[in-house]
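Dear colleague,

I am handing over the structure that we talked about, and below it you will find a description of what turned up. Please read it with the structure open beside you.

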Amino acid sequence: MQDPNEDTEWNDALRAKGILPPKPKEKEITEDDIIGMIENTIEQKQHQGKDLSKMGLDELDELEDSEDEAVLLDYRKKRIAEMKAMSQKAKFGSVIEISGKDYVDEVTKAGSEIYVVLHLYSRGVPFCSLINQHLSQLAVRFPATKFIKAIATTCIPNYPERNLPTIFVYYEGQMKKQLVGPAELGGLNLSCEELEFMLGQAKAINTNITEDPRKARAVKDKMFADLADSNDW
């Protein structure tokens, strides 16, 4: 059945002949309605401690624009402060080579709230070269941390080569972590991601890696080993 209130030519013809009643008139927005809308807006703003009872519509619009601008300005100030704080901490960005005579100034006197990652290495150890490559990448990505490398025997006379590579982590001059030798560092298969995780666990860097990548590598290695064993048959 057709809706008698629907706006169609058929219904218009029926209304003209008196068969259908006239269309009800749409309610007009009165001045009282407009005043009610304004008062409602004022009530919503009262909790902000602003006296809006004498403001017109234009003034209310301007106030809303200014409030939005104030919020953006406040956010901008906070972001500038955060960026300034980060830039003040981002003092480094590369791996510094030191010798024994630089140790005190560069490590124990590195400064307040400074993490130092010191790599003791030997040019004759391939794993040390790998660690240096990884540290060069991490130093760029985490410039708030001071990355240092030194030939082991220039800092510690007669330091055993079997302990290389060695990584010491310091904070405000105090040693917080030591990773000594290939076994503890994971051997020549160590990835940069895995080293990043280790340093993150020592809080030397603010990494987003929360799961040990070595676990995933161990699972993958086992899968390949099992596959190789099955192929032998």
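Which residues of α5 are buried? They are Phe 127, Cys 128, Leu 130, Ile 131, Asn 132, His 134, Leu 135, Leu 138 and Ala 139, where buried means under 20% relative accessible area, exposed means over 50%, and partly exposed lies in between (1.4 Å probe, protein chains only).

Before going further, please keep in mind that this is a predicted model, in which local features need pLDDT of at least 70 and side-chain atom pairs count only at pLDDT 80 or more, while totals for chains, interfaces and linings use all residues. Residues are numbered from 1 along each chain as its sequence is written, and side-chain values use heavy atoms, with hydrogens and water left out.

**The chain as a whole**

The protein chain has 9 helices and 5 strands, which are DSSP runs numbered from the N terminus (H or I and at least four residues for helices, E and at least two for strands). Along the sequence they follow the pattern α-α-α-β-α-β-α-β-α-β-β-α-α-α. Of the 233 residues, 30% count as buried. Taking contact to mean heavy atoms within 4.5 Å, 59% of the contacts between residues at least 6 apart in sequence join residues at least 24 apart.

**Helix α5 and its surroundings**

Helix α5 covers residues 126-141, and its 16 residues reach 24 Å from the first C-alpha to the last, close to the 22 Å expected at 1.5 Å a residue; that expected span is 1.5 Å times one less than the number of residues. Its buried residues pack against β1 (95-97), β2 (115-121), β3 (146-151), β4 (166-171), α7 (181-185) and α8 (192-201).

Two packed helices are described by the angle between their axes and the distance between the axes. For α5 and α8 the angle is about 65°, and the axes are 10 Å apart; here axes are lines fitted to C-alpha atoms, for helices over the stretch in contact, and angles run from 0 to 180 degrees between N-to-C directions. Where they meet, Ile 131, His 134, Leu 135, Gln 137, Leu 138 and Arg 141 in α5 face Cys 192, Leu 195, Glu 196 and Leu 199 in α8.

Phe 127 lies in α5 and counts as buried because its relative accessible area is 5%. Leaving aside neighbours within four places in sequence, Phe 127 is in contact with Pro 165, Pro 182, Leu 185, Gly 186, Gly 187, Leu 188 and Leu 190.

**Loops and backbone**

Pro 165, one of those contacts of Phe 127, is found in the loop between α6 (152-155) and β4, and the peptide bond that reaches it from Leu 164 is cis, with omega near -5°. Most residues other than glycine have a negative phi, and most peptide bonds are trans. Asn 158, also placed in the loop between α6 and β4, has a positive phi near 60°, and at 73% relative accessibility it counts as exposed. Lys 203, in the loop between α8 and α9, has a positive phi near 65° and is exposed, with a relative accessible area of 60%.

**Helix α9**

Arg 214 has its place in α9 (residues 213-232) and is partly exposed because its relative accessibility is 29%. Apart from neighbours within four places in sequence, Arg 214 is in contact with Glu 184, Glu 194, Phe 197 and Met 198.

With kind regards
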